[in-house]
Amino acid sequence: MTTTIIPTGRLAAVTGGASGIGLSTVNRLREDGHQVLIIDRSEQSLELAEKLSTEELPVHAKVADLSSAEEINRVTGEIDRDFGGVDILVNNAGIHPKRPDSSHFPIEEITLDQWNLVMNVNMTATFLLSQWAMKGMTEKGWGRIVNVASRAGRMYMPISGAHYAASKAAVIGFTRTLAGDCGPHGVTANTVAPGRIKTPLSDVSGLGSSQNLHEEFARTVPLRRVGTSDELAAAISFLASEDSSFITGAVIDVNGGVFG
Ligand code: NAD
């Protein structure tokens with residue numbers, strides 16, 4: 001069945017849009033009628049954008065390494081020049097270092113370089129891109145920022161190291177304050193906190209049996225399964241829509257029902 005897409009005239013930027021949750025979000029926001037801009041370090045983004053583009057609804061891509069403030073400065077300058085800012089920003093790009101056997105990553109094994117890299121990609125890029133995007137959004141009097149945190153930023157997750165957990169907890173605190181600053185100008189900012197979602201990031205098949213690890217994990221989840229990237233994209237789509245107009249500063253757990 002083909003669905004009719006009605007263009008909204010809005011531009012939605014999705015970081016990390018070349019894979020997993022980001023790619024599902026790109027597809028979903030496109031179906032919602034937005035022009036979408038993928039921002040990703042992967043060169044594949046360019047090919048993807050071309051493949052997904054139609055005459056009525058182009059998909060764009062910018063290749064950038066978001067661990068670098070200089071790269072963020074370059075790419076946001078290009079976006080301002082090419083599109084005059086964005087209406088929707090999804091800060092989704094993230095990295096999650098794991099130990100080879102996917103056992104807990106103890107604090108004493110985290111180097112300062114690893115710490116800084118995780119913070120730069122997962123948190124600092126979210127800060128810099130939100131700071132840039134909110135400027136244009138507040139001028140227009142409308143905008144949506146959706147930041148992707150993690151269950152690991154809400155509670156202890158043995159598989160995640162302290163650098164990852166700290167970066168994701170920081171995203172939640174940052175977004176709450178961002179919502180306060182943006183709110184008076186018609187801009188909302190919310191967080192989604194995914195539990196285990198089947199994507200390349202959570203795939204540890206090179207390290208053992210990914211499927212078995214997912215199944216083992218699923219036993220601890222009330223819905224008895226891991227999630228899909230489309231389920232995350234649905235929550236992000238809602239937070240990027242008019243329907244979420246009175247929701248800001250919220251954290252939406254998309255984790256199959258795990259609390260505490
Ligand atoms: P993924 O690895 O499938 O995709 C991540 C994307 O981010 C890739 O396209 C990658 O190229 C891009 N990226 C990584 N570093 C980048 C950088 N320095 N500059 C630009 N782009 C970069 O991962 P995913 O599972 O889809 O994860 C998306 C988000 O969801 C991440 O923030 C992750 O922490 C979060 N998350 C995922 C899970 C899960 O189980 N998959 C659980 C909780 C939170």
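Reader: Strand β1 first. How many of its residues are buried?
Author: Five of five, so to speak: β1, residues 11-15, is mostly covered, with five of its five residues buried. Keep in mind that this is a predicted model.

Reader: Which way do the side chains point from β1?
Author: Leu-11, Ala-13 and Thr-15 go one way. Ala-12 and Val-14 go the other way. All are buried. In a regular strand, side chains alternate between the two faces of the sheet.

Reader: And how many bridges join β1 to β2?
Author: Five, and the two strands run parallel. β2 covers residues 35-40. Ala-13 sits opposite Leu-37 there. Between β1 and β2 the chain passes through helix α1, residues 20-31, and this β-α-β crossover is right-handed.

Reader: What about β4? Which residue there is the bridge partner of Ala-13?
Author: Leu-89. β4 is residues 88-91, and three bridges join it to β1, again parallel.

Reader: Zoom out. What is the strand order of the sheet?
Author: β3-β2-β1-β4-β5-β6-β7. That makes seven strands in an open sheet, with parallel pairing.

Reader: Which strands stand at the edges?
Author: β3 (59-63) and β7 (251-254). Each has a single partner strand, so one side of each is left without a neighbour in the sheet. On average, neighbouring strands are turned by 15 degrees against each other, direction ignored.

Reader: How many bridges do β5 and β6 pair over?
Author: Six, in the parallel sense. β5 is residues 143-148 and β6 is residues 187-194.

Reader: Switching to the ligand. Which residues come nearest?
Author: Ser-19, Asp-40, Asn-92, Tyr-164 and Thr-199, out of the 29 residues around the ligand.

Reader: What does Thr-199 do with its polar side-chain atom?
Author: That atom lies 2.4 Å from an oxygen atom of the ligand. Asn-92 uses its backbone: an N or O atom there is 2.7 Å from a ligand oxygen.

Reader: Where is the side chain of Asp-65 relative to the ligand nitrogen?
Author: An N or O atom of the Asp-65 side chain is 2.9 Å from a nitrogen atom of the ligand.

Reader: How much of the ligand's area does the protein bury?
Author: 93%. Taken alone, the ligand exposes 830 Å².

Technical notes:
Residues numbered from 1 in each chain as written. Predicted model: local features only at pLDDT ≥ 70, side-chain atom pairs only at ≥ 80, totals over all residues. Heavy atoms only, no water. Buried < 20%, exposed > 50% of the residue type's maximum accessible area, 1.4 Å probe, protein only. Helix = DSSP H or I, 4+ residues; strand = E, 2+ residues; numbered from the N terminus. Pairing = 2+ DSSP bridges. Right-handed = clockwise from strand over helix to strand, strands pointing away. Near = heavy atom within 4 Å. Polar contact = N/O pair within 3.5 Å; in protein donor to acceptor, adjacent residues only side chain to side chain. Areas by Shrake-Rupley, 256 points an atom, 1.4 Å probe, with all protein chains shown as cover. Axes fitted to C-alpha atoms, helices over the stretch in contact; angles between N-to-C directions.
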